[in-house]
Amino acid sequence: MRSERYIPYVLILPSVLFLLLLFAWPLVEALLLSVRGSGGGWTLENFQRMAADLYFRDALKYTLLLTVVIVPLQVVMALGMALLLGSISKGRDLFLYVWTIPLGISDLAAGIVWLAIFTERGYLNSFLQGIGVIQQPQLWLSYETPMMIFVAVVAAEVWRATAIVFVILVAGLQLIPKEYSEAAEVFGATPWQRFRKVTLPLLMPSLQVALILRTILALEVFAVVVVLGGRNLPVLAGEAYFWYNTYQNPGVAAAYAVIILGISVVATLLYLRLLRSRQDGVA
Amino acid sequence: MKKSKWLWLGLLSTLLVLSGVLAQQTASLLFVSTQFTPIEEAQRMRQVILKDFQGRVEFIPEDNAPFTNRILSEVRAGRVNVGLAGGLHGDFPPLIAAGALDNVDDVLAQLRDRRFSQTFVNLGRMGTANQLYIPWMQATYIMVASRQALQYLPAGASVNTLTYSQLREWAASIQRATGRRMLGFPAGPRGLMHRFTQGYLYPSYTKSAVTRFRSDEAESMWLEFRSLWQHVNPQSTSYDFMQEPLLSGEVWIAWDHIARLRDALNQRPNDFVAFPAPIGPYGRGFMPVLAGLAIPKGSPNRAAAVAAIEYLTRPDVQIATLVQNGFFPVIQVRLPENLPQGIRMGADAIARQAQSNVALPSLLPVGLGARGGEYNKVFQDTFARIILRNEDVRRVLDSEAGNLRRIMNETRAPCWSPDPASSGPCPVN
């Protein structure tokens, strides 16, 4: 009897140790790296150099802007797709599989796919030239048209990562018993009312998970942006990469990582507070 | 009885597998290199260039930072796995500063008959009395143009003696004729644009890269380059390897590392011409690139490393390196008649660039150690601010000169060619 009380702890111990070793420890090391100078003393020099850097403001601006544009777009699309899937009975699995195909594609590959579309001799220009809209290839992804690079990145990210939100929401929808909706229908609720008053509140925990996951991933966006925009559309994770790899300054790279971590934590706390589900409130 | 038989059999086979693994580990030489990181080049290194090497060698290409960190931490920990390190001249100073490289005077002595270029042997001493790396292969940056562009060359101009202002006129008349900006530079995230400003533009206009960084000559150079940039394809900021836009026809004239142009020259030698970099007021600034082979201190398999160096510097292997991966021999060797046409074109352009009377060679940065990346950043940022963001030239040069000065003072690196020798850290005037 007594030993059984310990069994759960023993069983989760390996995973806790694993996380401590491979997440918590590097996290602490990165934090230390960002506040240590070359001499070994405590310093804010890395953060000052980061803030003074040519690309810092743009990186911060574009990272936040991409998150603010991409995440709501994906959640709305995924929600629509999940609800549509719920009302299909025949061929439901086919739609499910097709919509989740992008989950299996690496973000770098996704970036290259979209680069092949938007580049000067790419599919988009060939198509437009073919139907006679343009005479000469247009430049879509140059430093002179940052807006277009932004749109291309949004398109690629929405195409690539809506599926993950979709999968979480489909799972959440399946957990909601049909009886609630049917009861509401009996009392004369319109479809919109049923969605607002029954489905959405019960879906809140899944939405919360999806939002947190997607926002954190959006703040780390990197490979797609580098492929499509190079340095023309700087983002925080990209700057961390450049400082570590190209400039070989791990201190400033760590400072960027800490900034990303800070924003992610704030966003997560905000979601947890703002989207508190009914059950949490009762408990 | 039966059970114990199986047990013995299991134990025996485990032992066999284990000893096999151990034997492989001891016999195999781990060769880590900052060169040939693209997957195709690495495969050609493994499957073609190293094919006839007697012994097992495991070739692992790494980026510059992991390369340095790996060797440094292995030497510090006293458990060295890397048997042989291949890198550019500029990759070695941080390893030498930490005392992580073995002296290879004995290896050079064994290779007396190789007829290495003396300049390269001297570079391999890294300013010390001992040989710290053996020259491995060389390359440089040249220009390639599509034959379609030649008809627009300014009157009286020849590609082999092109000046920077003729290059601008050339690109301008192509733009007038085609409506497109057909000059290209590798200014993408992994492109080598900073080598153009450090080794080509600055020396050609100021005969310096550091001391006269913010001089009046540099200011007028940037103004001229800004007017040339009006005819540059704006997708240049996403180009890493110029062979791709050349082959696709997005650009007609390009400057890049010879290894990053070779696909264009090899695939369609009849459509392209290769020629030296342009000439500026002080001559033709250009940057030879030297790669070397070094042995980490405490290498687990020094004899195999020496054998690999001996193998890689053989004349036929040097030619194979050229044919396969586009790096040129560092020994005196007659190029065979049956070389592919594209490689021959590159070799001719390199020879013209190095041997003309206006040649002004400049070295890759020396003595900056791990700060090499930040040194490049000064040039990258200067370029981005002046050319891409259109900031005031004088203001940018003054503020970036501060960053350059900080790097020079922190590393205490004396000037390297073409800047005049300095006693202390190279000054930024």
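**View 1. Val57(B) and the residues it touches.** Val57(B) makes contact with Ser28(B), Leu29(B), Phe31(B), Leu50(B) and Ala308(B), leaving aside residues up to four places away in sequence; here, contact means that the C-beta atoms, placed from the backbone, lie within 7 Å. This is a predicted model, in which local features need pLDDT of at least 70, side-chain atom pairs count only at pLDDT 80 or more, and totals for chains, interfaces and linings use all residues. Residues are numbered from 1 along each chain as its sequence is written, while chains are lettered from A and ligands numbered from 1 in the order in which they are written.

**View 2. Val57(B) in its strand.** Look for Val57(B) in strand β2 (residues 56-61) of chain B; strands are DSSP runs of E with at least two residues, helices are runs of H or I with at least four, and both are numbered from the N terminus. Although 28 residues separate Val57(B) from Leu29(B) in sequence, their C-alpha atoms are 4.5 Å apart.

**View 3. Strand β4 of chain B and its partner.** In β4(B) (residues 134-139), 6 of the 6 residues are buried, so the strand is largely enclosed by the rest of the structure. β4(B) runs antiparallel to strand β10 (residues 289-294) of chain B, joined by 5 bridges. Here Gln138(B) sits opposite Leu290(B) of β10(B).

**View 4. Where chain A meets chain B.** Here 19 residues of chain A are in contact with 21 residues of chain B. Helix α11 (residues 236-246) of chain A supplies the largest share of chain A's side, 3 residues.

Note on methods:
Two residues are in contact if their C-beta atoms, placed from the backbone, lie within 7 Å. A residue is buried if 20 or more other C-beta atoms lie within 10 Å of its own, exposed if 12 or fewer, and partly exposed in between; C-beta atoms are placed from the backbone. Two strands pair if DSSP finds at least two bridges between them.
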